[in-house]
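Please open the model in a viewer and keep the selection panel at hand.

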Amino acid sequence: MAATKDYRLLCLENPLLDIQAFGDEALLEKYGLKPNDAILAEEKHLPIYEDLLNNYDAKLIAGGAAQNTARGAQYILAPNSVVYLGGAGDDKYAAILRDAVKQVGLRVEYRVDPKIPTGRCGVVITGHNRSMVTELGAANHYDLEHLKRPDIWALVENAEAYYVGGYHFTVCPPAIQELAKQAAEKNKPFILSLSAPFICQFFKEPLDASAPYWDYVIGNEGEAAAYSESHGLGLTDVKEIAKALANLPKINTQRKRVAIITQGTEPTVVAIQGEDEVKEYPVHELAKELINDTNGAGDAFAGGFCAGIVDGHPLEEAVNMGQWLARLSIQELGPSYPFPKQTYSRQ
């Protein structure tokens, strides 16, 4: 096979160090946490990160949704295929993050803020419940200046595809727009994840500004419903929402937009701009006892899908690659992928 160039996929979002551990009722009570919840940390929660590191058998993962996706794409692609951008601090948490990504072969170029701590997400697992406490920290301070720095912009120009996680709409929309414009100008795929219902509801303006540049838009059924509601589409059928997303106005007319909506164990729905038929791709069944943790399944799907697009596979194959990686991920603890590494083969 001909050698491919390095760092063909460039990803942008908010890096977090996931610190996850099995806890108990007493730990939840200590920090006033609900067993199954996701919150932003307040002052009273801040000691939990050291507590989990020092007093529990914590597993450390290079997290943040798009960093999970970037790791997933790199898991499948040839070495040195993926570079990830975001904001981090200059502290031990950043050092742990860098070590974690180095182990899986992901290149990161963080905007380092010496005054603000690296973003962290404490995860307390009790039974099948997960309580997540996030402090965005330096991830919240990414800026356009870093993206436009000559060495970073050279990576942007070199890349063959871009993936942006929707959580970045809360941080630096101008950086998203710059990547989107570059993609359209150079006819490179721009792949966006809707990420969460609240992005569609409360960050509608920057989301809509990026929409004309989407070549691929990925969401789950909850995000699709939130998009429909917040944009007054009056649609509840996932296939109809996918079709509406696919047919939004588009700047780069050399590529038809593709909307992909995942639905957990239900079929993945795919709509293509200008086409009447909405396709459904069944998810391969996995025995319940093999499912360990569904957190990060969507990030894993996006990782496999991006790998497929970057390697030039047909759309159907890229969807299958996404489903394959998600299937591997849910058998692990947290948004992780098994080692020794498994090689993709069509299911």
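A charge is said to sit over a ring if NZ of Lys or CZ of Arg is within 6 Å of the ring centre and within 35 degrees of the ring normal. In this predicted model, select Arg 107 and Tyr 7: the charged end of Arg 107 sits over the Tyr 7 ring, 4.9 Å from its centre. Next, select Arg 120, which lies over the face of Tyr 93 at 4.4 Å from the ring centre.

Now display the sheet. Nine strands form an open sheet with mixed pairing, in the order E6-E5-E1-E9-E10-E11-E12-E13-E14. Its edge strands, E6 (107–113) and E14 (279–281), each pair on one side only. Neighbouring strands are turned by 20° against each other on average, direction ignored.

Select strand E5 (residues 82–89) together with E6; the two pair in the parallel sense over seven bridges. Gly 89 has Asp 113 in E6 as its bridge partner. Helix H4 (residues 92–103) packs on the sheet here, touching E5 and E6, and its direction makes about 170° with that of E6. Elsewhere, helix H10 (residues 221–230) lies across strands E11 (216–220) and E12 (258–263), running at about 105° to E11.

Tyr 75 belongs to helix H3 (residues 65–76), whereas Tyr 337 lies in the segment after helix H13 (315–329), 262 residues apart. Both tyrosines, Tyr 75 and Tyr 337, are buried.

Note on methods. Residues are numbered from 1 along each chain as its sequence is written. This is a predicted model: local features need pLDDT of at least 70, side-chain atom pairs count only at pLDDT 80 or more; totals for chains, interfaces and linings use all residues. Side-chain values use heavy atoms; hydrogens and water are left out. Two strands pair if DSSP finds at least two bridges between them. Helices (H or I, at least four residues) and strands (E, at least two) are DSSP runs, numbered from the N terminus. Axes are lines fitted to C-alpha atoms, for helices over the stretch in contact, and angles run from 0 to 180 degrees between N-to-C directions. Contact means heavy atoms within 4.5 Å. Buried means under 20% relative accessible area, exposed over 50%, partly exposed in between (1.4 Å probe, protein chains only).
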